[in-house]
Amino acid sequence: MLTPQLQKRLDEKWNNCWPVSDLRPLALLDLISYLFFIKKLDDWELIHEKVKAAAPENFIFTNEIETFTWSKLQTLNARQIQQLFSKENGVIELMNNYAQTNALFSDFFKAPLLIEPTPKLILNSIEIINIIETSDKISQGAIIEYLFSKSKITAQNGHEFLPEPISKLLVSIAEPSNEDVVLDPCVGNGSLLINSYRYISENNKLAKSAAFNHLNELKISGLETDLVQLRLAGINMVLHGIKNPKIHFTPAKDKNFTHKPSLIISNLLFTSDGIAENNTEALRLERENSLLNEILESLNNSGRAIVLVPQTILNSGNPAIIKTRKHIVENFNLEGVITLAPKSDSMFSSACVLAFNRFHSTTSDVWFYKWANKKKKTVHEALAEKNSVTVDFELNELVEILNQWKSRKELRNDISRNSFFIPASHIKTNNYHLSFNDYKLIRQQDGMNEKNDETIVDESGKILAAKKENLHEFFETSAALPKEKTRNHLAPVLIILLILLTGAGAFYWFYLRNDHHHLYTGKKITDTSNSFKVSNVSENTPSDTTAKNENPASNPAPQQVQNTDTASTSINSAEATKYTVINKAYFHYQPDSTKKKPVFLTPRKDLVLSPKEEKNGFVYVVYVNSRGESTHGWLSKKDLEAVE
């Protein structure tokens, strides 16, 4: 247990390392880990025995090195300790030789320190280790967790360290047993392996047996592409009772699974920090997708996986990512997609948990769940929660997610909850999108007896799952309000809005129409015989300038969209390149990706766009539907495809 007195001592030593403790907390933790494993090896008298057999001929065993022990180190001052470590044939060079022995903990010395240790850093790090070593076993785990939480730390390869509550949630969903062979291919800080070890021990009567715990350790392993991160995971696991962590370094392009695990638990969230090239966002997404594919290939024939992924993996239009989603849905049993709560200060905001297995060769339906944001607290409630030691909102949130997961089948028809099942057949027609925000759940209306391509009614006939047309249709709660309540609450608001709109329309008609008609072309588009024609109208005829969120899927025939805006130089329609929509294409106010409108066109091969102007990788078009309603603006050519 981390007592206030113990925390105060740790804070004092940590703050003595300023500014490194604030600016480079990862480097400070790395130094503490490095020194910690030196002490462990010295305790077991392994350093000299192994190094003498592996050291090169030019390494000189000075008297200081020959007689080096952790206890003698305590008798030196900060300057003497720093010189002993950094000098030629010193302790750091000694440990470099130990790294070549393949002995216990040797992998943890294969990477150089992230920072050249100063006397002050070494002395305070040694004192922190002494605090750890003189604490009981339970406190040791709490200490290292506290040190990891001192700052928001991202590994040097961009991998985000998993918060403890989320780690426990993933493991609780996975429910590992002593029969499982558990693997985490992205070890991070080792928290998923630690919590798997704990979960198995706490749910087994033989957990107090040393033989059982040793066997448990052997069945839990991990891989890591970053040697510094491997060292940090090592100290975390040792201080949580795993004496000899089975975690190994493996190059990013050389993943080598020596066995097929029955359970894979992993966090695949990365930032772009560890990527030096341009287009870092695309490379980060490619790395996350590659790791997900490795997990799919590594599971044994009866295995299962619980994986934390970013939202972009679930709704990206990237062909490689679509292929991965298709592989999961069609060749695995995708059980659920759980969306975590949005938090503005967290990398894990709206991250998603994928739960899939090989119990069945394909997916039948998928359970979607999203944590519903609670109403804003009053100032009094916020202060009461802040001052309460018993309230832990984040923990309560994760407990609620776990309870929903376990009872999902029994509550299948309960539409009062923010969850629903979507048949795999419907997911396939939606380009294998797996984001909660791509679907909606509404109460089936009275008299609705027919199904269509856009809707799916469940077996009970009580609920309707439909493809979302845009994000404005997203329901924070799954259930629709009863009609009576909706009418009573909304009627006054609708009346006020109607009055305001009527007044605004009258104001525009009488005062602004003549000032703004020059912004438009003096032409209007009419719909005649399923084709669009351009006809001249008088200058006094107002143009229809209302932009709508249209779903072009309602137009049955191929359409060629022509521009009506003549403010820019015209392009000969016979010579201009025409385009069709291949991705969700948002309109923009200007040819600038940051000037996005809240309207878009969905992919549709039979819709042909004739741009009037091209600029900065954008084309300017006016889309007019069969009712004559128009939406105009700039579309990114990335979402379009040229047609003959």
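Buried residues are those with under 20% relative accessible area. By that criterion, 8 of the 11 residues of helix H11 (residues 164-174) are buried, so this helix is largely enclosed by the rest of the structure. The model discussed here is predicted. Its protein chain has 644 residues, of which buried residues make up 47%, and its secondary structure comes to 21 helices and 23 strands. Of the contacts in the chain with a separation of 6 or more, 74% are between residues 24 or more positions apart.

**Enclosed helices**

- In H11, the buried residues are Ile166, Ser167, Leu169, Leu170, Val171, Ser172, Ile173 and Ala174.
- Glutamate 175 follows H11 and has a positive phi, near 50°.
- Helix H12 (residues 191-202) contains 12 residues and reaches 16 Å from its first C-alpha to its last, close to the 16 Å expected at 1.5 Å a residue.
- H12 is largely enclosed by the rest of the structure, because 10 of its 12 residues are buried.
- The buried positions of H12 are Ser191, Leu192, Leu193, Ile194, Asn195, Ser196, Tyr197, Tyr199, Ile200 and Ser201.

**Nonpolar cores**

- In soluble globular proteins, nonpolar side chains tend to be buried together.
- The largest nonpolar core comprises 100 residues, and those with the most contacts inside it are Ile38, Met95, Phe109, Leu170 and Leu308.
- Helix H3 (residues 25-43) gives the most to this core, with 12 residues.
- Another core, of 36 residues, lies apart from the largest one and has Leu268, Phe270, Leu292 and Leu296 among its residues.
- Leu170, named among the residues with the most contacts inside the largest core, is also one of the buried residues of H11.
- Phenylalanine 109 is in contact with Tyr34, Phe37, Ile38, Leu41, Met95, Asn96, Tyr98, Ala99 and Arg231, leaving aside its neighbours within four places in sequence.

**Second largest pocket**

- The second largest pocket holds about 800 Å³ of space.
- Its lining consists of 22 residues, of which Lys137, Val238, His240, Gly241 and Lys243 lie nearest the centre of the pocket.
- Helix H10 (137-149), H12, helix H13 (210-218) and helix H14 (227-239) are the elements that give two or more residues to this lining.
- H10 gives the most to the lining, with 5 residues.

- Lysine 13 is placed in helix H1 (residues 4-15).
- Its relative accessible area is 18%, so lysine 13 is buried.
- The side chains of lysine 13 and glutamate 127 are joined by a polar contact of 2.9 Å.
- Not counting residues up to four places away in sequence, lysine 13 touches Asn124, Glu127, Ile128 and Ile131.

- Isoleucine 427 is located in helix H20.
- Isoleucine 427 counts as buried because its relative accessibility is 0%.
- Val329, Val366, Phe368, Ile422, Tyr432, His433, Leu434 and Tyr439 are touched by isoleucine 427, not counting residues up to four places away in sequence.
- A distance of 9.8 Å separates the C-alpha atoms of isoleucine 427 and aspartate 438, which are 11 residues apart along the chain.

**Backbone geometry**

- Most residues other than glycine have a negative phi, and most peptide bonds are trans.
- The peptide bond from tryptophan 18 to proline 19 is cis, with omega near 10°.
- Proline 19 is found in the loop between H1 and helix H2 (20-23).
- Asparagine 431, although not a glycine, has a positive phi of about 60°.
- The loop between helix H20 (424-429) and strand E10 (439-443) contains asparagine 431.
- Asparagine 431 has a relative accessibility of 38% and therefore counts as partly exposed.
- Asparagine 616 is a residue other than glycine with a positive phi, near 55°.
- Asparagine 616 lies in the loop between strand E20 (613-615) and strand E21 (618-624).
- With a relative accessibility of 57%, asparagine 616 counts as exposed.

Terms used: Residues are numbered from 1 along each chain as its sequence is written. This is a predicted model: local features need pLDDT of at least 70, side-chain atom pairs count only at pLDDT 80 or more; totals for chains, interfaces and linings use all residues. Side-chain values use heavy atoms; hydrogens and water are left out. Helices (H or I, at least four residues) and strands (E, at least two) are DSSP runs, numbered from the N terminus. Buried means under 20% relative accessible area, exposed over 50%, partly exposed in between (1.4 Å probe, protein chains only). A polar contact is a pair of N or O atoms within 3.5 Å; within protein, one must be able to donate a hydrogen and the other to accept it, and residues adjacent in sequence count only if both atoms are side-chain atoms. Contact means heavy atoms within 4.5 Å. The expected span of a helix is 1.5 Å times one less than its number of residues. A nonpolar core is a set of buried Ala, Val, Leu, Ile, Met, Phe, Trp, Tyr and Cys residues joined through side-chain atoms within 4.5 Å. On a 1 Å grid over the protein atoms alone, a cavity is a set of points where a 1.4 Å probe fits but cannot get out, and a pocket is an open set with protein on both sides within 12 Å along at least five of seven lines; lining residues have an atom within 4 Å of a point. Grid points are joined across faces, edges and corners, and a volume is the space filled by probe spheres set on the points.
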